[in-house]
Amino acid sequence: MIHSHSKPLRILVFRPPLPPQTIRMGALFNCEPLELEYLYTVLHDIADVRLLDGQVSRTDLKQEIINWQPQLLLLTSMINSVNLIAELAQQIKQLPQPPLIFVGGPHAEVLPEHYFSPHIDGVFFNNQLKAIREVVLAINEERSFQQVKGAAFRIGDTFLKNEVWPVDLEEFPIPERPLLSQNRGKYFILHYEDCATVKTSFGCPEKCTFCFCRKMNQEAYSRRPLSAIMDEIESIPNENIFVVDDNFLLSPKRLQEFCTEIERRNIHKRFIVYATSRFIAQYPDLMRQLRDAGLSAVMVGFEFIDDATLAAYQKGSALADNEATIRICRELDIDLFALFMLDPDWSHAQFRKLAHYIRSRKIYLATFGTLTTLPGTDLWLQEEMEAAPDEAWWRYDLLRLHQQPKYLSRLGYYLWVMYLYLLPTLRTDGLAYFLRRSGWKGSLRIMWNSFLAGINFFYKLSLWP
Ligand code: B12
Ligand code: SF4
């Protein structure tokens, strides 16, 4: 647990544990909760701030609140924890002197109204770091905070949603990272151990209709100044850095500058980034420069294996770009995490085709999500979806089915998902790849963790289909 020196207002910042229904992939990746550290950074000079990461340590939140008596509880949430947050808030409000409860995070950024409940006092959806600081300053000075922009506050039975205000990325803070040092070794992505997280840009200018990320940041794409990013990277002791931008490889000019700065400052890191296959296919030379600057892994939304489906979802990349990406990454020895989508309307033949594609292209690192219509996306609007008042938001873990598969039983569908995940470890060339990347010990750990994730997958599905 992290806390700053004694200041007037006590603020507990909490990342809740995963809802019990969540199919845990935590054995394969767990990321530094940068959002908690950002909140610490902008608040610890005006309040006494404690950070609690419920995903790396077992925490009894209620007991923590009874013991420490914070006046403010800040909760961070994604879509899968909307119900859990509502339940937590309800329980906490039953305590004798409950704190004010504020919520933020990726889902609140697009759909703050999903958190409007009688037990929650405020929801932050834009320029959140500035907004929360304004609110805390107002509380400290005993002023009203209900007009603060970028947030919605409960007034009696209704929520008043204030206007948005522009984020000034020139001023965006460089986060202090107390949790990263305290939980050394607990944040990792597969074989990238002890991994820090950095965010350099917000939103994405592409137009994929299933994508939630491009709806964040008020549907705009904006970037932090490069000099601040380089200072931040320089200040991180960890070798591995996961850049959590939705799309890091966008501007060739900026990426050239990035490479130049890495060299000039003599920085030696390994970077894992998200990118599109169109960019990688278009700029193989720049990819080589980036590799020399430390780019070690790219996570690329391949999504589907035919152009018609890619075009139908307005994916700006074509199958030929995916093919070129496989080739370029292999030549440059960059880890390629290919992100695929599975459509519950597929027949066995279509699943077999995908399995064949993975095998024939020798793809060893891949994820398979169930094509999910996330609220707030273009797809959600196109399909005229509506959420039920008692919607089970924990189902939105991007794996679970939301409809009966067209040609398969539910079990049949999930067996395909499992098979596709296990495919690389079932092949000798896949094993050889892992051995080369992580050695015997690392490979055994990854295989053991995959096995545990598989057991967890079916255990959770049998309890909560
Ligand atoms: C890294 C990442 C992960 C990491 C975990 C990261 C984490 N910190 O918990 C891993 C890989 C484990 C992961 C898992 C999952 N993820 Co994820 N993940 C991301 C990714 C790529 C970046 C998130 C990040 O680190 N951002 C950096 C931090 C600093 O920004 P932030 O969280 O948005 O917080 C900012 C503000 O919101 C504010 N803030 C945050 N909390 C609060 C609270 C208060 C009170 C206030 C005032 C402000 C505030 O502070 C920050 C200031 O910039 C996003 C994509 C994206 N564009 O966000 C997807 C994303 C958030 N993930 C998503 C999903 C669905 C999941 C999973 C449920 C399923 C899955 N298969 O991926 C699981 C759930 C795990 C969980 N923790 O509950 C979705 C969420 C959709 C939604 N509507 O909520 C996203 C948007 C991707 C997508 N496919 O659309 N994820
Ligand atoms: S490229 Fe990626 S982040 Fe950008 S809109 Fe498409 S899916 Fe979303």
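**View 1. Pairing of strands β14 and β15 in the predicted model.** Strand β14 (residues 240–243) and strand β15 (residues 270–275) pair in the parallel sense over 4 bridges, where pairing requires that DSSP finds at least two bridges between the strands and where strands (E, at least two residues) and helices (H or I, at least four) are DSSP runs numbered from the N terminus. Within this pair, V243 stands opposite V273 of β15. This is a predicted model, in which local features need pLDDT of at least 70 and side-chain atom pairs count only at pLDDT 80 or more, whereas totals for chains, interfaces and linings use all residues. Residues are numbered from 1 along each chain as its sequence is written, and chains are lettered from A and ligands numbered from 1 in the order in which they are written.

**View 2. The open sheet of 6 strands.** The strands follow the order β11-β14-β15-β16-β17-β18, with parallel pairing. Because β11 (195–198) and β18 (365–370) stand at the edges with a single partner strand each, one side of each is left without a neighbour in the sheet.

**View 3. The shell around ligand 1.** Ligand 1 is surrounded by 35 residues, of which T76, I79, G104, H107 and F212 are the closest; a residue is near the ligand if its C-beta atom, placed from the backbone, lies within 6 Å of it. Among the elements that each supply at least two residues of this shell are β5 (72–76), β6 (100–104) and α4 (106–110). At least three shell residues come from each of domain 1 (2–161) and domain 2 (169–463), the bounds being taken from an automatic or database domain assignment.
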